[in-house]
Amino acid sequence: MPSESQTSFFSRITDALAERGEPVELPDDLEIARVIDATEDLVEVFATRVEQVGMHAHRAAGESAAVAKVLELVEALAARSAIVPDEPMPARDAIIAGLRSRGVGLLSPDEPDAAFEADVGITGVRMAVAETASMSVVGGGKHRRLASLAVPAHVALVRADQIVPDLIDWGRAATADPPANEVLISAMSKTADIEGILVPGVHGPGTVHVVIIE
Amino acid sequence: MSHPLPIVAEDFKHRAAAAATNLRIAEIFDRSARGKDDLRRLAMPELPHPLDTRELAARIKNHTLQNLDRYLDQFASRVRDHGGHVHFAADGTQANQIITEIAQAASAGLIVKSKSMVSEEIELNHALQAAGLNVLETDLGEYILQLAGEKPSHIVTPMAHKPKEEVGQLFAAKLGIPYTDDPTALTKAARKVLRESFRAADMGIIGANFAVAETGTVVIVTNEGNGRFCSSRPRLLVCLMGMEKLVPQLKHVPIYLKLLAKSATGQRITCYTSMITGPKRAGDFDGPEEFHVVILDNGRSHVLAGEYRDALRCIRCGACLNACPIYRKIGGHAYDATYPGPIGSVISPLFTSLATYADLPSACSLCGACLEACPVRIDLPTQLIHLRSDVNKDGHSPLSWRLGFKGWKLGMSSGLLYRLGATFGRWFMKIGARDGWKHKLPATGGIWTRYRDVPVMPKPFHKRWADLQKELDEEGKDER
């Protein structure tokens with residue numbers, strides 16, 4: 001490789017910083033950027049903001065209500081096939097059983113191209129952020145990065161206790177050893193590149209349903 | 001297909017004049033830039049302390065830049081700990097060679113690329129194509145520009161200059177679909193092509209919005225999701241980043257995510273934020289097997305050393321472009337630089353050479369709208385003033401200009417010369433004046449009178465003051 005050696009690359013930086021100026025402390029007053037705090041009704045804030053960006057929020061009282069909601073959404077989407085990755089998510093077995101009994105084809109999450117073929121992807125999340133309507137989805141292990149991306153519709157299951165108030169809380173929860181891939185999903189895939197006109201579903205899902213389990 | 005912006009003039013003033021008198025450009029840019037500027041103004045007050053938050057973002061970057069050697073070393077070590085490869089490139093040529101060789105060594109067929117301004121800066125696509133490699137832009141705007149053979153005119157919305165009818169004609173010609181100017185239909189047509197490309201690609205190329213020193217994480221944001229595809233599907237992933245992109249820890253990233261999305265498009269956060277830490281781990285189903293980070297200098301260490309260090313805080317949100325009355329009038333192409341607008345007028349000459357972009361620091365009325373808009377509070381107006389002075393010092397301004405200012409300085413620093421000059425000026429201005437106005441001045445003065453008249457010089461104040469004193473004295477005598 002024609003790469004420059006790290007030593008010569010760094011010598012330019014060290015030279016440039018010969019006069020560093022007054023030392024600037026690393027600030028720790030991150031809280032001034034906080035928008036939502038824990039005293040607010042996080043489910044309400046999250047659900048409202050999910051709707052504001054064009055995703056759909058559904059509040060379900062308990063897991064069985066959530067399963068019913070998921071199955072109802074799959075039917076409304078007229079989905080004939082689904083991908084449900086083999087990862088920790090609420091009521092996974094019940095959802096799979098429900099899909100089977102309704103004749104929805106379950107594509108094997110072990111098949112790399114399954115997400116390109118499925119009509120809907122159903123996943124859990126690691127964490128959700130009320131402020132930005134974000135859902136953190138991690139890669140690694142049997143998680144499928146594309147199950148929430150290559151599908152035309154994504155159904156995400158969020159437990160109420162997974163919702164943190166602010167993006168700052170998400171940042172603070174990050175460990176020094178993060179997974180190989182984490183994505184914050186905060187809306188459906190969209191573009192406004194042609195004359196600023198909003199078009200959903202440019203590469204990824206055009207429809208995102210968020211089922212919140214209380 | 002004809003170029004949509006008929007800007008061919010060699011020098012900035014002529015390009016700007018041509019663009020400013022092209023009503024179509026003025027209308028397109030004014031609408032799109034003003035629209036995004038309005039969205040930013042609506043979004044920022046969602047933060048309880050918008051100004052403090054922007055200053056916080058500036059301080060974190062100041063600290064990081066001041067200790068860039070330490071943080072960059074930490075970042076590189078962490079990327080390697082996770083099994084990634086780190087390459088250092090002094091300039092664009094070196095970075096292009098590194099990426100070309102990575103692609104060739106892996107026999108990469110199709111390369112899918114996410115939007116990256118630094119790749120535009122070093123003309124990466126050109127280098128890859130010259131080496132016979134097949135690289136495809138996957139951001140919708142960049143994809144359209146690649147098909148059309150055009151350059152971006154905005155750092156966030158690259159095809160801000162292109163009307164939908166032109167996209168329709170382009171797709172009809174290049175993709176063989178029936179003509180339509182419906183953005184939804186056009187987007188669907190592009191989706192079909194790009195989706196198959198994501199599936200088939202061997203290699204992905206991404207930029208970096210932020211790079212986290214403590215964890216070796218690269219953060220990219222896209223609304224479309226193409227960045228996720230590029231970083232998840234192909235077996236090989238290359239991230240090209242400017243060396244100034246670092247932040248110390250993951251907990252600092254939210255501050256910038258909040259500001260970036262609000263400043264760029266008025267969103268609370270971009271649709272997708274990907275955090276990529278090395279290649280896929282043992283036992284992972286998905287992700288690249290091989291991960292390379294190419295860290296680019298290309299003039300940045302030079303900026304780090306001098307009085308323009310603050311410009312390296314830039315997070316490329318485009319807010320200063322949208323706020324700038326000059327950019328709104330002339331659009332991005334008139335700057336003829338990778339980075340247009342106020343930030344571009346600072347970093348284009350600094351990254352490249354003052355001689356190449358000697359005109360750009362003057363492409364500014366010093367109104368201060370860019371400073372008011374900047375989420376990391378870069379004092380662009382002051383930097384532009386200092387750059388103008390550098391341009392003069394280095395002799396990049398015209399001789400007549402430099403002599404003129406020398407004469408001005410001389411006249412202004414001597415009472416006698418000032419009075420002589422003013423007397424001569426008044427006398428000169430009276431020639432050919434009508435009703436106290438001149439319609440035409442010679443030489444540089446003609447730039448003024450091309451658009452408006454100029455009043456003849458009145459008697460100077462010191463003269464009038466002296467006359468007034470005399471008059472008062474006379475009156476005083478009379479009263480006594």
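Let me start with how chain B is divided: an assignment that is automatic or from a database gives domain 1 (1-44 + 311-397), domain 2 (47-298) and domain 3 (415-479). This is a predicted model, in which local features need pLDDT of at least 70 and side-chain atom pairs count only at pLDDT 80 or more, while totals for chains, interfaces and linings use all residues. Residues are numbered from 1 along each chain as its sequence is written, chains are lettered from A and ligands numbered from 1 in the order in which they are written, and side-chain values use heavy atoms, with hydrogens and water left out.

First, domains 1 and 2 of chain B. Their centres, taken over C-alpha atoms, are 23 Å apart. On the domain 1 side 36 residues are in contact with 41 residues of domain 2, where contact means heavy atoms within 4.5 Å. About 3,500 Å² is buried between these two domains of chain B, 61% of it on carbon and sulfur atoms. Buried area here is the accessible area (1.4 Å probe) that two parts lose on being put together, summed over both.

How many salt bridges lie between domain 1 and domain 2 of chain B? The count is three, a salt bridge being a side-chain nitrogen of Lys or Arg within 4 Å of a carboxyl oxygen of Asp or Glu. Elsewhere in the list of such pairs, Glu166(B) and Arg24(B) meet through their side chains at 3.8 Å, N to O.

Helix H2 (23-43), helix H14 (319-323) and helix H17 (369-373) of chain B each supply at least two residues of the domain 1 side that touches domain 2. Helices here are DSSP runs of H or I with at least four residues, strands are runs of E with at least two, and both are numbered from the N terminus. H2(B) gives the most to that side of domain 1, with eight residues. By residue type, this side of domain 1 of chain B divides into 23 nonpolar, six polar and seven charged. Nonpolar covers Ala, Val, Leu, Ile, Met, Phe, Trp, Tyr, Cys and Pro, charged covers Asp, Glu, Lys and Arg, and the others, Gly among them, count as polar.

Now the two chains. Chain B puts 105 residues into the contact and chain A 83 residues. Between them they bury about 7,900 Å², with 59% of it on carbon and sulfur atoms. There are 47 residue pairs in polar contact between chain B and chain A, both at pLDDT 80 or more. The side of chain B that touches chain A divides into 43 nonpolar, 32 polar and 30 charged residues.

The interface of the two chains has 11 salt bridges, and over all chains the whole structure has 45. Asp113(A) forms a salt bridge with Arg233(B), with the closest N and O atoms 2.5 Å apart. Another salt bridge links the side chains of Glu117(A) and Arg199(B) at 3.0 Å, N to O. Glu117(A) lies in helix H5 (residues 114-117) of chain A and Arg199(B) in helix H10 (residues 183-200) of chain B, so the pair joins two chains.

Last, the sheet. Which strands form it, and in what order? Eight strands form an open sheet, ordered S8(A)-S5(A)-S6(A)-S9(A)-S9(B)-S6(B)-S5(B)-S8(B), with mixed pairing. Two strands pair if DSSP finds at least two bridges between them. The edge strands, each pairing on one side only, are S8 (163-164) of chain A and S8 (246-247) of chain B. Strand S9 (residues 181-185) of chain A pairs with strand S9 (residues 272-276) of chain B in the antiparallel sense, over five bridges. Val183(A) has Ser274(B) as its bridge partner in S9(B). Within chain B, strand S6 (residues 217-222) runs antiparallel to S9(B) and is joined to S9(B) by five bridges. There, Val221(B) stands opposite Thr273(B) in S9(B).

Notes
A polar contact is a pair of N or O atoms within 3.5 Å; within protein, one must be able to donate a hydrogen and the other to accept it, and residues adjacent in sequence count only if both atoms are side-chain atoms.
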